[in-house]
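Let us walk through this structure step by step. Keep the sequence beside you as you read.

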Amino acid sequence: MKQKIFLSMLALSLLSLQTITAQNTASTAMAKRKLQPADVYRLQTLGDPQVSPEGNWIAYTLSSVDSVQNKRNTDIWMVSWDGKQTIQLTNSPDAESQPRWSPDGKYLSFVSARNGATSSQIWLLNRLGGEGLQLTNLKTSLMDYSWSPDGKKILMTIKTPTDTSKPKTPKPIVIDRYKFKQDVVGYITQRDPIHLYLFDISTKKTDTLTSGEFDQRGAAFSPDGKQIAFVSNTTADPDRNINTDIFVMEAKPKATPKQLTKWPGTDDSPVWSPDSKTIAYLSSASETYTAYQEQYLTVIDASGAGAPKYLSKTLDRPVGNIKFTKDGTQVAVLISDDRERYIGQFNLATGALTKVAGGKRSYGAIQAHSNNNWVAAMSEPQLPTELYAVENGVTRRLTKHQDAFVTPLELASVDGYSSTSSDGTKVSSIALRPANIPATQKLPTLFYIHGGPVAQDEYGFDLTRQMLSAAGYMVVGVNYRGSSGRGWDYSKTISADWGNKEVIDIQGAVDYAVEKGWADKDKLGICGWSYGGILTDYLIASDNRFKAASSGAGVAMVSSLYGVDQYINQYDNELGAPWKNIDRYLKLSYPFLKADKIKTPTQFMVGEKDFNVPAVGSEQMYQALRSLGTPTELIIYPGQFHGISTPSYVKDRFERYIGWFNKYLK
């Protein structure tokens, strides 16, 4: 009898435990919350994976926000190939980047301006532990570096300014270059050539490899250590064309470089095959400047014998991030294709393409681990970038830094859809629906338009669209004509015809979302940054159904940007000189010149120091709407370039987006 009572009590206890567990699980699920602008302080960024020589470890960078200093700080970490161990290697407020393994695997080098260094230096970290040792004491700007295959030297790419003095009263800026502005860089005055140097690790001696008036960059040691490949533009005025060629030289001072490629367009990003006999690189589709350029994966004999072989030309999709397989028989690249970015391999002998890993996700940097095995950065619609092992096409997650970010959040669902524009063009879009909202419920909808225009909205994690969706909006990204991922013709069809086909495509995507009952036709908004801001202006000047808009870093009177932004080559090659083609410039300026047609309350934003799409465009559009009495506001972020990077400003921009659209759409 006592046993029966005990068993009954045990059963009741187990039942109670199950009930409590179920309640806790439900409570945990209920604890999920919406993404908020303050979450920008929690999001970390992974990048630059580097596989150790024996393959047991992957070093990488992890960037986090220092909210006290209001800036991002980067440290170096490593994760084991089996994913069981994750170790932080550096931890300083000075930021460390560009981790590179020594060929024997005993050391990990990195770049930092730590410990009061006047500029970025190369540091050496013993793999067994201990403090980093400063290797270099450079007085100039280190652009890039790599180890020699024997581990005795380091190849450095250095920008050499002609005057390093810093007087109390700055000298006048004297300009005589064709292209004299660049975002972040600022005014480009005299030539500060970029040259190659060899640093001896044991003697600390630095030898000069290249000199003269032209830049050399993209330098890479051949695996046998005998040669160095690099990229240079040696035309009379490099500012006026896109020509770059691949050169090779012996890995020693005073060696004479040999020009390997002769294409008048761009040859770039050389990568050696494991046997040092072949160089793979990217070659432009056109020999003259075009903003809608596509590059082909190309291979050439390192001796210069024979003609280049275009491996990806018939693929007609953007490729990048070239890596050889360990046996040298295949060349892997990242391929952008209609909202996806996947890993593909080209057979060097046959040219055949194999899709290694893809799906509704976006792959980033890749590194070879062993034949058919890769390390890749990858993000998914509801998971920011992490590192993965890719083994025979199967992904295995290595890092879990983003779990802390996503665990408390309920994120939007992400789906793709296709619409047909009024001229019959098929257009692909990505739609984000707020969490826990029935698919049949009609929602206020924001069309957040990507910049570029040669870029694409992908099935990767998108913080901006997730943030806007968390505020209660369906958010749509449209891969309008001009975008990448659909072929070169799809991209370049908007050349010198801005604000036409893209507008038609976005309108078609809007029509589709309204017809399907997803989007509330009375609560539509549009927004974007850079070319997305430009298209926002074109849409509100063409279509009054948008009840609110936010235009970031857009333009107004296009001719007023000639010589003011960094796109002088595009103006001269695509639009022609204003004094010869003023009608074309006026046509492309219709949002400004027909501002009286705009009835949409519009918010304008821009970085104060933006030389990419300068503040003048946003200022002109704001002034036009203010003069006309259309509701508007202008936000200028102090000290910011084209990309808003200061964390508090990133948070502020999200808050202003949400506040503006809530005011007019809710």
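Strands here are DSSP runs of E with at least two residues, numbered from the N terminus. Two strands pair if DSSP finds at least two bridges between them. The model is predicted, so local features need pLDDT of at least 70 and side-chain atom pairs pLDDT 80 or more, while totals for chains, interfaces and linings use all residues. Residues are numbered from 1 along each chain as its sequence is written, and side-chain values use heavy atoms, without hydrogens or water.

Start with strand E25 (residues 340–347) and strand E26 (residues 353–357). They pair in the antiparallel sense over four bridges. Phenylalanine 346 has leucine 353 in E26 as its bridge partner. E25 and E26 form a hairpin, with five residues between them. In the turn, glycine 351 has a positive phi of about 80 degrees.

Now look inside. A nonpolar core is a set of buried Ala, Val, Leu, Ile, Met, Phe, Trp, Tyr and Cys residues joined through side-chain atoms within 4.5 Å. Buried means under 20% relative accessible area, exposed over 50%, and partly exposed in between (1.4 Å probe, protein chains only). The largest core has 101 residues. Ile343, Phe447, Leu463, Ile506 and Ile526 touch the most other members. A second, separate core of 14 residues includes Ile122, Leu124, Met156 and Phe199.

Next, the loops. Isoleucine 173 is in the loop between strand E10 (153–159) and strand E11 (181–182). Isoleucine 173 counts as exposed because its relative accessibility is 56%. Lysine 326 lies in the loop between strand E23 (319–324) and strand E24 (330–337). At 46% relative accessibility, lysine 326 counts as partly exposed.
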